[in-house]
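Visitor: I have a chain on the screen and would like to talk it through with someone. Could we start with the charged pairs and move on from there?

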Amino acid sequence: MTVVGAVASVVLTSVFEGDGDENAKGSPPAASATQGTVTPGAVASPSCTAEACAGLDPEKTGCGVGARTLEEDWIGTMHLEIRYSERCATVWGKLTGAQPGDTVTINTTPSRRQSASVRTGQTKYTPMLAVEDDFSAQATAVAVSGKPSEEIPKGYTLRVGADRTSLPSATATEPPAKAQSVTGQPGVAAGAAEAV
């Protein structure tokens, strides 16, 4: 594939997958085109930071690049994550393995909230919320119709929480925050950087 073909493919993929309704497909390309050349490792700066990002799409603003999962939990194929962008000082909720109608909500202290509903596909993420150094975030996903084939009852609610101790840079002397689902099972902090 030529450089022009690769760039066209990336542009078309971004256009058709940009609103978070479709399944997320890995990390964005690690190269950008400038005057017909490819610069390996080039990463564009995000278009916002902190409060300027509140209510915006993490993918469209560039905040999803290098974002981390702070806490997560599963039931069947439903996967709920609290995503964090250090570059943008923001968090958002991400739900995968969902069905149309399922919802995902993220809220932070003091009482800020963003919600989204799956319209098509199986993945949805909320708009972002700004966070400060000493933050707390909670994400909730609701299986509105349930998934009887996976024994997920109608209206089942999955919850996770994170705070500054969930960050990779939190000091080792502080106990890590535990994510709790409605079943009481602890969530798993992933910490691996990936896109939106």
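Guide: Gladly, and one term is needed before the pairs make sense: a salt bridge here is a side-chain nitrogen of Lys or Arg within 4 Å of a carboxyl oxygen of Asp or Glu. Please keep in mind throughout that this is a predicted model.

Visitor: Okay, how many salt bridges does the structure hold?

Guide: The structure holds three salt bridges. One of them joins the side chains of E51 and R112, with 2.4 Å from N to O.

Visitor: And what does the pair of E51 and R112 tie together?

Guide: E51 sits in the loop between strand 2 (37-40) and helix 2 (58-61), while R112 belongs to strand 7 (residues 112-117), so this pair ties together parts that are 61 residues apart in sequence. E51 is partly exposed, with a relative accessible area of 46%, and R112 is partly exposed as well, at 35%.

Visitor: Which residue meets R164 in a salt bridge?

Guide: That is D134, whose side chain meets the one of R164 at 3.5 Å, N to O. Because R164 lies in the segment after strand 11 and D134 in the loop between strand 9 (129-130) and strand 10, the pair ties together parts that are 30 residues apart in sequence. D134 is exposed, with a relative accessible area of 63%, whereas R164 is partly exposed, at 36%.

Visitor: What about E150 and K147, how many Å from N to O?

Guide: The side chains of E150 and K147 meet in a salt bridge at 4.0 Å, N to O. K147 counts as buried, at 8% relative accessibility, while E150 is partly exposed, with a relative accessible area of 27%.

Visitor: Now E72, is that one buried or exposed?

Guide: E72 is buried, and yet it has no salt bridge, since the nearest side chain of opposite charge, R83, is 7.8 Å away and the cut-off for a salt bridge is 4 Å. Its place is in strand 3 (residues 68-75).

Visitor: Which side chain does E72 have a polar contact with, then?

Guide: The side chain of H79 makes a polar contact of 2.5 Å with that of E72.

Visitor: Switching topic, how many residues are in the largest nonpolar core?

Guide: The largest nonpolar core has 26 residues, and those with the most contacts inside it are I82 and V91. The elements that give two or more residues to this core are strand 3, strand 4 (78-85), strand 5 (90-96), strand 6 (103-108), strand 10 (136-143) and strand 11 (156-163). Apart from this core lies another one, of nine residues, among them C48, A67, W92 and M128.

Visitor: What is V91 in contact with, leaving aside its neighbours within four places in sequence?

Guide: With those neighbours set aside, V91 is in contact with residues including I82, R83, Y84, I106, T108 and P127. Its contacts also include M128, L129, V131, F135 and A137.

Visitor: Stepping back, how many helices and strands are in the chain?

Guide: The chain has two helices and 11 strands, and read along the sequence they follow the pattern α-β-β-α-β-β-β-β-β-β-β-β-β. Of the 196 residues in the chain, 38% are buried. Among contacts between residues at least 6 apart in sequence, 58% join residues at least 24 apart.

Visitor: Backbone next: where is A50 found, and what is its phi?

Guide: A50 is found in the loop between strand 2 and helix 2, and its phi is near 45°, a positive value in a residue other than glycine. A89, which is found in the loop between strand 4 and strand 5, likewise has a positive phi, of about 55°, although it is not a glycine. A50 is partly exposed, with a relative accessible area of 28%, and A89 is partly exposed, at 22%.

Technical notes:
Residues numbered from 1 in each chain as written. Predicted model: local features only at pLDDT ≥ 70, side-chain atom pairs only at ≥ 80, totals over all residues. Heavy atoms only, no water. Helix = DSSP H or I, 4+ residues; strand = E, 2+ residues; numbered from the N terminus. Buried < 20%, exposed > 50% of the residue type's maximum accessible area, 1.4 Å probe, protein only. Lys, Arg positive; Asp, Glu negative; His and termini not counted. Polar contact = N/O pair within 3.5 Å; in protein donor to acceptor, adjacent residues only side chain to side chain. Core = buried A, V, L, I, M, F, W, Y, C linked by side-chain atoms within 4.5 Å. Contact = heavy atoms within 4.5 Å.
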